[in-house]
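Please view the sequence and the model first.

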Amino acid sequence: MTRCLLAIESTCDETAAAVISEDGQILGECIATQTELHERFQGVVPEIAARAHLDRILPVIDSALRQSNASIDDLTAIAVATHPGLPGSLLVGLSAAKGLALAWRKPIVGINHVQAHIYACGMGRQESVFPCIGFVISGGHTSLYHCISPMDWTYIAGTIDDAAGEAFDKVAVMLGLPFPGGPALSILAEKGDSNSIPFPRPLLDDKTRLDFSFSGLKTAVRYRIAGTGKQSWNALALTPQLRADIAASFQQAIIDCLVGKSMQAVKKFGVKRLCVGGGVAANREFRRQLTLACERSTIELHIAAPELCTDNAVMGALAWEKIKMGQFDTLELDAKPGLLRKG
Ligand code: KG4
Ligand code: ZN
């Protein structure tokens, strides 16, 4: 049996574990989602997420280990995402990792969840994707990084208010779509005309900064649905075509900002390689338009595979990079909910 790693992920509302060999093969994987627990609140409720992780963490780890056929002796270390994330959620994964490390006498390796989202872009490839501009677009992040190597990276810019996924989710609620909103909104957008409503593209034309801002865009959608000043309104009362047009035009405004700013970042730093991960990077229309933009500017683009865009433990393979450098943690390792945006 080759040397392998048990990776644990519980930063937000997915409980996940994976067993990954030293050469990057996924030997076992399990993800338990919590959609049914959060959908009636139309967003992730941190306390509910933490309690659900507690129920699921051991069965999920057990399932990944069984699939892999790995024995405890085969495990080189136990990796766990320790930051950033929801405090209660992080603690469940970290406590499970520490308990197993202690019981099985294995070293523990803490990893950064945002860094892992970028690392996912290179998984399954022979050549390294570093150096690159790393771009993480999820429910908690819309952040650009200058990545010299998997472990050596600097924050460049990010959202000054809502994350892109957060804007997708909130506009989806306005449109009466089910949770999680991003995927539902992108399906509705397929039936709409993305040029029909000229929503704002905040900060896109400001070449002096690479930041994002989505809260004004969200408000513009709200006014388009409800008109100004109305207290009660119902998007389901709109014609189906207008709902779809709002979804498509909103999605296009976000895509223009994401594509535009990432192109500006690549040019500014002179790094002709872009790596994109996080839940919103699963959006089909975004992937299509970013691919075209990169082809036009001869930029090498790596978008994480759709199943590796949303939260998962496979991207915990990043821990091998720390192990190769001899960077192990101790049982003193702590969760750092930290600055969600900068990672
Ligand atoms: O990376 P992720 O699973 O969790 C965080 O770390 O936040 O990202 C979840 C976010 C949610 O906001 C979700 O609505 C969004 O990614 N998302 C999408 C799509 N799939 C997931 N947004 C737009 N289009 C999609 N297809
Ligand atoms: Zn994530």
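Which residues line the second largest cavity? They are Gln42, Asp169, Ala172, Val173, Leu177, Pro178, Phe179 and Gly181. A cavity is a set of points on a 1 Å grid over the protein atoms alone where a 1.4 Å probe fits but cannot get out, and lining residues have an atom within 4 Å of a point.

The model is predicted: local features need pLDDT of at least 70, side-chain atom pairs count only at pLDDT 80 or more, and totals for chains, interfaces and linings use all residues. Residues are numbered from 1 along each chain as its sequence is written.

By this rule there are two cavities of 30 Å³ or more. A volume is the space filled by probe spheres set on the points, with grid points joined across faces, edges and corners.

| Cavity | Volume | Lining residues by class |
|---|---|---|
| Largest | about 60 Å³ | seven nonpolar, four polar, one charged |

Helix α5 (residues 164–174) gives the second largest cavity the largest share of its lining, three residues. Helices (H or I, at least four residues) and strands (E, at least two) are DSSP runs, numbered from the N terminus.

The lining of the largest cavity includes Ala7, Ile8, Glu9, Ile111, Asn112, His113 and Ala116. Two or more lining residues come from each of β1 (4–9), β5 (108–112) and α4 (113–119). The largest share, three residues, belongs to β1.

How values were computed. Chains lettered and ligands numbered in written order. Heavy atoms only, no water. 1 Å grid on protein atoms, 1.4 Å probe; cavity = no way out; pocket = protein on both sides within 12 Å on 5 of 7 lines; lining within 4 Å. Nonpolar A, V, L, I, M, F, W, Y, C, P; charged D, E, K, R; others polar.
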